[in-house]
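Trainee: Could you walk me through this one? I'd like to start with how the chains meet.

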Protein chains: 2
Amino acid sequence: MENLHFAATEIKGGFWRFYFDMVKNSTTQAVYDRFAETGRFGALRCDWKEGEPCRPHIFWDSDVAKWMEGAAYLIERERDSALEKIIDDCVDLIEKNQREDGYFNSHFLTVRPDEVFKHRHDHELYCTGHWIEAAIAYHKATGKDKFLKLMRKNVDCIYRIFVEEESAAFKTPGHEEIEIALLRLYRYTGDEKALVLARHFLDRRGIGNPGEPDEGGDAKQNQDNVPVREITEAVGHSVRACYLYTAMAMLAKEDGDDALKAACDRVLDNIVTKRMSITGGVGANRSGEKFSYDYDLPNEYTYNETCAAIALALFAGEMQEIEANSLYGDIIEKVWYNGFISGVSLSGDHFFYTNPMEIDLSKHKHDGIWLPIVERVKVFGCSCCPPNVVRMLGSIGRYMYTVDGDTVYCNQFVQSETKLTVGGGDAVLTQETDYPASGHIRFRYSGKPVTLKVRIPGWCEEYEGETMNGFAEYHLTDGDEVTVELPMNVHFMEANPHVQDCAGRCAVMRGPVVYCMEGVDNGGDLRDVTLIDNGNFEVSAEDWVPCPVITMDAERRAATDALYRRRNGERVVFRAKLIPYLAFANRGASDMIVWTMVK
Amino acid sequence: MENLHFAATEIKGGFWRFYFDMVKNSTTQAVYDRFAETGRFGALRCDWKEGEPCRPHIFWDSDVAKWMEGAAYLIERERDSALEKIIDDCVDLIEKNQREDGYFNSHFLTVRPDEVFKHRHDHELYCTGHWIEAAIAYHKATGKDKFLKLMRKNVDCIYRIFVEEESAAFKTPGHEEIEIALLRLYRYTGDEKALVLARHFLDRRGIGNPGEPDEGGDAKQNQDNVPVREITEAVGHSVRACYLYTAMAMLAKEDGDDALKAACDRVLDNIVTKRMSITGGVGANRSGEKFSYDYDLPNEYTYNETCAAIALALFAGEMQEIEANSLYGDIIEKVWYNGFISGVSLSGDHFFYTNPMEIDLSKHKHDGIWLPIVERVKVFGCSCCPPNVVRMLGSIGRYMYTVDGDTVYCNQFVQSETKLTVGGGDAVLTQETDYPASGHIRFRYSGKPVTLKVRIPGWCEEYEGETMNGFAEYHLTDGDEVTVELPMNVHFMEANPHVQDCAGRCAVMRGPVVYCMEGVDNGGDLRDVTLIDNGNFEVSAEDWVPCPVITMDAERRAATDALYRRRNGERVVFRAKLIPYLAFANRGASDMIVWTMVK
């Protein structure tokens, strides 16, 4: 089974067209501008001297590379000489400054040339991973091969140092990512060296690294606590973790490695049943940006980095190439419509690094108590998320379809037209839908006979047709149409009783979309609001947000002078307005709540 | 009006006899032992040399002094040669090491002799304040006058430096306390210099201190942001704040200063209606151990230092000497039975510095996230609270009665016998009660005619008799008995809707006592428990705790495998056990909750 390449699908309208246009018309330029201003592109000149401003940071290369990868995805859909000029200039600089043996890293080459591969936690291999992915994307988009050649030379260098000579001061990356890139490179070029190197980095992990300078560090934080095939729980830095799990899934597929696949299943189950916000956000513990223990999912204090949600979707996306199970599409959908897309403003140029599940603005007056930020900003010192948004949105559609011979799995619902090959011939599959505004999806097919398996989302308990592993099956021939109807009701979801912060509270969902209330619509003291589950829900479109809003009856306590008083049942009834979580904080800083009381 | 001296009242039994026996038989010795072990008593020898262990800390003197004050209260009730020997030896050391001009501070004399009165925030005057209070208490208990003389000489020194010469590097104490002590000294000795110095320290506060080295500090943290008569809200370090307000109330009384009294009223109202836990705990913000903004009363993260609760009771205790208003007794009662007494274990030898309102043991696995400790410990580095418990319990009864000519206000209910003077003759007033187990209090009186005004607690909304300013009035003559009946029902209290952490939750109270659930009785996931307000409450005594426990019907959700699921009403009914908040964490570390759901 293989995920269909994103570019096979043209997004024709609806929710994801809004976001595709946004990334094309706003986000790509906005991120470029911020990165240029802060010296990230200039760093590739490798001419920085001590005392000058814009000291190249250890992860700036990855920022630029991710932006280039995202831009390449846009170029692949439509050539763009301005974008290509930027990338070509970058590639020229890399070529000029690449070490003779293939090594390239703008930080180490300029700031610490004598310390190459001496510091496990300084993101060298992580940066290289992103360079490799950018190079693949750019080659595929343009056919230009310089960038890819430079990066293959870089891979040769790393292979020599880490596999042949074992001369680096550490054995595996402190921040995973290159493993994914190497497996993509192997798949794209067939280069066995890339496969061996990826396997090496995965197999070396968690078996101890005697003599390494960083050995005393927190092995869990870097997923170095157990060998990958023995992993049972998601630990440590959540982005690193999910990048690792993604690579594990890719290698499990390449090698037919059942033990590795089983480890992927276990860790994904641990995430989905114990360590994930209802938005698909992961990494609840801000201390170390990491997975916390089972059921520790704070709402105000959660970290839920945008990159971690993206990484979780990558992981699930690779899993759906190994096994036909709607769970993977469910996870991707949850991330897509909630915890990932909340990371970017509707204007496309402001970003969240952390994605809180609840905001009490007054709490931000606390001195010294950490809380996620309440409004998106243009750039961060650690700015991994904005270019990750560019590459994710630039390739939206990448996990929509999985093809297995003449069977096509439809994992996601997007107004779109997809070109694919079925039975050796060209075929076209279109979706007409305004999902998630409605759950009505009409498929049209032209081509040789195909089996279409449509994911019936886990949230859709009302679906009445037959399913197998979560998919409804249709046999289509040329000219066929089929309509899938997913009842789109408003639901109140409760969390496991072990989730302390959600006790006595529910989250409102409609389809895959998690809703929240904001102070700007509903006034203050949102924690005191009780929604009324009486069916009197109104779902309607509003111009500013590409997904319906919901109003419903609600009540709250009347104001009182006393700090404490005997319980009484006096309540003020009002009409509450709920907006998609993805759209919070787009109308200024505001109180916000996902988990509310319900009666 | 004057509060009757505590020693006029003999505690005959019941709740406070338990605690008096505890402090006498356990706490006093336990605190002494810890302080001796850690070098606090030895520091008075002033022979510490650089490089030696047990470097005298800036606030060790205050620890020893508070212990001595508490021990003196025990001695006042019953002479004790062992305790007196300890104190006499300390006094001899102070005499030996006191500077010729009267200055004494074991830290500065040994560690930084050249830096006397150069550092506003190094607790010098705070320590002196506690020395003065200890000296008064010891003189009153024993008649021995050496200690008091030494401390009066110390006051002379401070008066010269701060009032006459203004030669210190700062104008007012960074940590208030000495103001209280000076006013007590004035009341005890009539020494006008003490009154002038106290007035000076209060009047100088909040008017800016140009040229002081610490001027750039956080003026709010030290209550130096506004002149005392303009105070409208409780700010900064909660112990310092409440000590300041206590001194303000004392001076307002001495000077008949209405503006100062009005400031006291405003700040007390701010505390009681916006910044106090239901237990009487104050200082919600752990960053700076300080008052937070209005209605910010977190349950798990609150600070609620034991000393701050004590200081709030001191403040209310002085206010009730100015105005006959049951509010003051209500506050003292709330503190006594909850947020103060929770600071000491039932064994008397373990202490809380912070008093959380909720404990989720699993949260303590979080790295890097501050939470209050979950079990009392024997000693702290900053060990202000344990000796404050000694002096508070040693003088329990100090705010029971306030006398105004031939009117006696009964503010607190204690099984006791009190000797007092009425109409120029000896009188005896006894209370027979097992309060707060029951609300039945029988007063017996012998003596000349008296007006007894009994505080009807604010919590007792069922009381049906007439009251004036919250007091029921009885005219008693020799041999009279009168019984006050305060209906003791179980109540569910709710917090103001602005208190985010308590939204949708209630606290159980019975009389003045706040209850909580512990995991040891009720299992885990306490936030998911809903108490059922069906009147099926059972109140019963248990041996290990000097106050009844309560059982009632409750329900919780059944365990589930899913992390998120559609809301359903399935519940498991069980019998919940609630214990007095004051007794939590006496049976090992446990989950604990005060604010629960109720239906």
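Mentor: Here is a short chat about the interface and then the pocket. This is a predicted model, where local features need pLDDT of at least 70, side-chain atom pairs count only at pLDDT 80 or more, and totals for chains, interfaces and linings use all residues. Residues are numbered from 1 along each chain as its sequence is written, chains are lettered from A and ligands numbered from 1 in the order written, and side-chain values use heavy atoms, leaving out hydrogens and water.

Trainee: How many residues does the contact take from chain A and chain B?

Mentor: Chain A gives 65 residues and chain B gives 65 residues, with contact meaning heavy atoms within 4.5 Å.

Trainee: Which salt bridges are there across the interface?

Mentor: The rule finds twelve between chain A and chain B, each a side-chain nitrogen of Lys or Arg within 4 Å of a carboxyl oxygen of Asp or Glu. B:R566 and A:E461 also meet in a salt bridge, at 3.8 Å from N to O.

Trainee: And what classes make up the side of chain A that touches chain B?

Mentor: That side has 26 nonpolar, 15 polar and 24 charged residues. Here Ala, Val, Leu, Ile, Met, Phe, Trp, Tyr, Cys and Pro are nonpolar, Asp, Glu, Lys and Arg are charged, and the others, Gly among them, are polar.

Trainee: New topic: what lines the largest pocket?

Mentor: It has 31 lining residues, with A:M597, A:V598, B:G504, B:M597 and B:V598 nearest its centre. A pocket is an open set of points on a 1 Å grid over the protein atoms alone where a 1.4 Å probe fits, with protein on both sides within 12 Å along at least five of seven lines; lining residues have an atom within 4 Å of a point.
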